[in-house]
Amino acid sequence: MPGIRILLVDDHPLFREGVRSTLAREAGRYVVAGEAGTAREALALADELTPDVVLLDIALPDAGGIEVLGRLRELPAPPKVLVVSMHARIDVVAESFRAGALGYVVKDSAAGSLLAALAAVSRGERYLDGAIAPQLLERLDAYAARRAKPADPAYETLTRREQQVLRLLAEGRDVTEIAVKLYISRKTVENHRSNVLGKLGLRNLAELVRYAARMGLVDLDGPEGEGG
């Protein structure tokens, strides 16, 4: 069975040599089909050699790796891409996945992580380096904290019922829907709406929706009607 053909893309020859040595220990499972030190070389070789997987550094001297990712996807036979980078920033990781990468490994990780990532990406599965997990969890914790306890003191002045009305209005419910849902009259809903706008210093419904999104009370990208 032929090995999985790899294109190594990194502007540091010593790093490529280290990866080559690691892959050579896998008893023919992987074959290095080519190497490139620039984005231009990488795109030309990817088109010519049609590798199964490209190991891509996103800090290349002549172009950004994110741009290279996009252009690799436009090839007639687009390869799977595993990003191998010195960057562990969540925004860089997220941008890489959005651009089409299947996996992301930081260079400081052990060879075992690289091989695990390569095996997963070769199968068409997504892979995220465990070294990035603590930062990702911190982001999730911060997001959960914002959702659980809004930071605006003005929000705390709202009664529980006013907070409910605020969320429902921000979700796009009209006064009649809210009245039915909360088993209260339309007039009561209108009074709550007026109180919410006044306490929060908002002028209209559009400002209320933006406030709720900023506070993490609603997700404007979520499914319509969610939370009802």
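Q: Contact means heavy atoms within 4.5 Å; which residues does S96 touch, not counting residues up to four places away in sequence?
A: This is a predicted model: local features need pLDDT of at least 70, side-chain atom pairs count only at pLDDT 80 or more, and totals for chains, interfaces and linings use all residues. Residues are numbered from 1 along each chain as its sequence is written, and side-chain values use heavy atoms, with hydrogens and water left out. S96 sits in helix α4 (residues 90–99); helices (H or I, at least four residues) and strands (E, at least two) are DSSP runs, numbered from the N terminus. With residues up to four places away set aside, S96 touches I58, I66, L69, V83, A101 and Y104.

Q: Is S96 buried or exposed?
A: Buried means under 20% relative accessible area, exposed over 50%, partly exposed in between (1.4 Å probe, protein chains only). S96 has 0% relative accessibility, so S96 counts as buried.

Q: Which residue has its backbone oxygen 2.9 Å from a polar atom of the S96 side chain?
A: S96 belongs to helix α4. The backbone oxygen at 2.9 Å from its side-chain polar atom comes from V92.

Q: Which strands are at the edges of the sheet?
A: Strands pair if DSSP finds at least two bridges between them. The open sheet has six strands in the order β2-β1-β3-β4-β5-β6, with parallel pairing. Those that pair on one side only are β2 (30–36) and β6 (127–128).

Q: Which residue of β5 stands opposite V84?
A: Strands β4 (residues 80–85) and β5 (residues 103–106) run parallel, joined by four bridges. Opposite V84 stands V105.

Q: What angle does helix α5 make with β4?
A: Axes are lines fitted to C-alpha atoms, for helices over the stretch in contact; angles run from 0 to 180 degrees between N-to-C directions. Helix α5 (residues 111–122) lies across β1, β2, β3 (53–56), β4, β5 and β6. Its angle to β4 is about 160°.

Q: How are α9 and α10 oriented to each other?
A: The axes of α9 (residues 175–182) and α10 (residues 186–200) come within 8 Å and cross at roughly 110°. Angles under 35 degrees count as roughly parallel, over 145 as roughly antiparallel, 65 to 115 as roughly perpendicular and the rest as oblique. The two helices are therefore roughly perpendicular.

Q: Which helices do the buried residues of α8 pack against?
A: In α8 (residues 160–170), the buried residues are E162, Q163, V165, L166, L168, L169 and A170. They pack against α7 (153–156), α9, α10 and α11 (205–214).

Conventions: A polar contact is a pair of N or O atoms within 3.5 Å; within protein, one must be able to donate a hydrogen and the other to accept it, and residues adjacent in sequence count only if both atoms are side-chain atoms. Contact means heavy atoms within 4.5 Å.
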